[in-house]
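Good morning, and thank you for making time for this presentation.

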Amino acid sequence: MNKILIITHTADNFSIEKVTEYIEKNNCEVIRFDVDVYPLQNKLSTIFQDGEWISYLETPETKHRLDDISAIWYRRAYNIGKGLKEEMDSKFYGAAMGEIRNTLFGFFESVDAYSLGKPSIYRRLDSKEEQLKIADKLGLTIPATCLTNNPDEARKFILKHQNVVAKMQTGFAIYENGVENVVFTNVVGEDKLEELDSLLYCPMQFQQMIQKKKELRITIVGRDVYAFEIDSQQSEDAKVDWRKDGVNLIDKWNRTELPAGVEAKLLELLDMYNVDYGAIDMIVSPEDEYYFIEINAAGEFFWLDNLTEGNLISKSIADVLCDKAPRRNNEVMA
């Protein structure tokens, strides 16, 4: 029986269970590696001796051999080493966490089996600049963009395009007095020009503001394309960034079809990155022009999966992992 290793954490959502269910229907075995209980509960070992590499994952319940897995799904790596800080001398904590991460990510990169996601792939796709350049070369339409820490360049860009949004290239939150404040996309007008001097300390991404007829979230798994649309302009809070009112809009997404040319270019985008999963954000203008915004290497999909009959996105993920559907070959020694 083929073994599929899923990398996740104990607080992940039910999408893991749905994918696991379909993997088991494909007569494959699931091994779940929750990284937040490594290293305090899970133990990972790789040994080379007598001309053979062997890897083991020991959980509180059982011991798994990992060198013979057929595929790996690098889903999430949140809260690695949870609880460790309270268990050891603080002067050793930083060094220990460095070794823990290096060991984990080194193992994930080195597994000689098909991988749906890798730390190195996630790091590469963190580059919004490369994404936009590749999308542009493929013929996808992108907004005018300025990435800078130069206040003068930002001011010139804003004055030229008038309607501009500012966003960070990485998703994060600012914590103040114990309150989490997520940094969303925001409109920047001429009235904000004097506030741009702080760019000297932290670069930002500025883009021409595209008027929205609708917004798209397109989840691609292998060659399967699941496109959904939403009229984000129905909500005042969601007009600039739909995530600001994401909870209230969660069941208002509708399945849609992409123009054949756009779909082909998005599949080519995944070919360029040699990945089998991508969550893509696009905007459709009132003139029905499709603008590529970004691709997320591990973007969430569960709320859209629930809008398909039988959780089809989970099924596609399972089929790719179990080699039941076309996939891009990315084995280490392929």
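I begin at the N-terminal end of α2, which is capped by D89: a side-chain oxygen of D89 lies 3.1 Å from the backbone nitrogen of K91. Helices here are DSSP runs of H or I with at least four residues, strands are runs of E with at least two, and both are numbered from the N terminus. Before going further, I note that this is a predicted model, in which local features need pLDDT of at least 70 and side-chain atom pairs count only at pLDDT 80 or more, while totals for chains, interfaces and linings use all residues. Residues are numbered from 1 along each chain as its sequence is written, and side-chain values use heavy atoms, with hydrogens and water left out.

Helix α2 has 21 residues and reaches 31 Å from its first C-alpha to its last, close to the 30 Å expected at 1.5 Å a residue. That expected span is 1.5 Å times one less than the number of residues.

Which residues of α2 are buried? They are A96, M97, I100, L104, F107 and F108. By buried I mean under 20% relative accessible area, by exposed over 50%, and by partly exposed in between, with a 1.4 Å probe and protein chains only. The buried residues of α2 pack against strands β1 (3-8), β2 (29-34), β3 (43-49), β4 and β6 (71-74), and also against helix α3. Contact here means heavy atoms within 4.5 Å.

T103 also belongs to α2, which spans residues 90-110. T103 counts as partly exposed because its relative accessibility is 38%. The side chain of T103 reaches the backbone oxygen of E99 at 2.8 Å. This is a polar contact, that is, a pair of N or O atoms within 3.5 Å, where within protein one must be able to donate a hydrogen and the other to accept it, and residues adjacent in sequence count only if both atoms are side-chain atoms. T103 and L44 are 59 residues apart in sequence, yet their C-alpha atoms are 8.8 Å apart in space.

**Helix α7 and the residue after it**

I turn now to α7, residues 260-273. This helix has 14 residues and reaches 20 Å from first C-alpha to last, close to the 20 Å expected at 1.5 Å a residue. Its buried residues are V262, L266, L267, L269, L270 and Y273. They lie on the same side of α7, because they cover an arc of only 145° around the axis; the arc is that of the directions from the helix axis to the C-beta atoms. In general, an α-helix has 3.6 residues a turn, so residues three or four places apart point the same way. The partners against which the buried residues of α7 pack include α3 (119-125), α4 (128-137) and β14 (214-221).

Just after α7, N274 takes a positive phi of about 55°. N274 sits in the loop between α7 and β17, and at 32% relative accessibility it counts as partly exposed.

T256 lies in strand β16, residues 254-256. Is T256 buried or exposed? It is buried, because its relative accessible area is 15%. Its side chain makes a polar contact with the side chain of E229 at 3.2 Å. Leaving aside neighbours within four places in sequence, T256 is in contact with K214, L216, A227, F228 and E229.

N27, in the loop between α1 (15-25) and β2, has a phi near 60°, a positive value in a residue other than glycine. N27 is exposed, with a relative accessible area of 58%. P39 lies in the loop between β2 and β3, and the peptide bond from Y38 to P39 is cis, with omega near 10°. P60 is placed in the loop between β4 (52-58) and β5 (63-65) and counts as exposed at 56% relative accessibility. Not counting residues up to four places away in sequence, P60 touches Q41 and N42.

**The chain as a whole**

Finally, the chain has nine helices and 18 strands. Buried residues make up 48% of its 334 residues. Among contacts between residues at least 6 apart in sequence, 69% join residues at least 24 apart.
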